[in-house]
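Here is a short walk through one protein chain. Keep the sequence and the 3D view open as you read.

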Amino acid sequence: MKISVKSNGNTTIYELNNSTASKELYEQLPLDIKVENYSHDEKIFYPPNKLSTNNTPLASNAKTGTLAYYAPWGDVVMFYKDFGSASGLYELGKVISGSEYIKNMSGTVEIEKVE
């Protein structure tokens, strides 16, 4: 499963893992959704429906390009710097192209399935 995130004329592609949370996110697409800055290393958005973390691995060492789900807040996280780990942070996948665009994502982004 692959998804694209389009923002400011640029496209970032992620390959999702085979987890329950990744599948649930994939089924909510396409989305036009507001992306927000959080901290100094990530962009976040809130999918319409919370994701189940059953059979979803913890993000034990999130790096630049990691796509994750922070269960306590119900937000999806796109890291543009190395992060590490946090309680309640689950890995959804990783970037396969366009990681350099994550830092400058702003406003409403378009997230779609990639066939």
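Which strand gives the most to the lining of the largest pocket? This is a predicted model, and in it the answer is β7, with 3 residues. Strand β7 covers residues 75-79, and β5 covers 42-45; each supplies at least two residues of that lining.

Now look at the pocket itself. Its volume is about 150 Å³. The lining includes Tyr38, Glu42, Tyr70, Trp73, Asp75 and Phe79. By residue type, the lining divides into 9 nonpolar, no polar and 2 charged.

Next, turn to the aromatic rings. The whole structure holds 3 aromatic pairs. In one of them, the ring centres of tyrosine 38 and tryptophan 73 lie 5.3 Å apart, with the planes at 85°, so this pair is edge-to-face. The pair links distant parts of the chain, 35 residues apart. Tyrosine 38 sits in strand β4 (residues 36-38), while tryptophan 73 sits in the loop between β6 (66-70) and β7. Tyrosine 38 is partly exposed, at a relative accessible area of 37%. Tryptophan 73 is partly exposed too, at 41%. Ring pairs join Tyr38, Tyr70 and Trp73 into a cluster.

Finally, move to strand β9, residues 108-114. Strand β1 (residues 2-7) pairs with β9 in the antiparallel sense, over 5 bridges. Here valine 5 has isoleucine 111 as its bridge partner. Strand β3 (residues 31-34) also pairs with β9 in the antiparallel sense, over 4 bridges. There the bridge partner of aspartate 32 is glutamate 110.

Key
Residues numbered from 1 in each chain as written. Predicted model: local features only at pLDDT ≥ 70, side-chain atom pairs only at ≥ 80, totals over all residues. Heavy atoms only, no water. Pairing = 2+ DSSP bridges. 1 Å grid on protein atoms, 1.4 Å probe; cavity = no way out; pocket = protein on both sides within 12 Å on 5 of 7 lines; lining within 4 Å. Points joined across faces, edges and corners; volume = space filled by probe spheres on them. Nonpolar A, V, L, I, M, F, W, Y, C, P; charged D, E, K, R; others polar. Phe/Tyr/Trp six-rings, centres within 6.5 Å; stacked < 30°, edge-to-face > 60°. Buried < 20%, exposed > 50% of the residue type's maximum accessible area, 1.4 Å probe, protein only.
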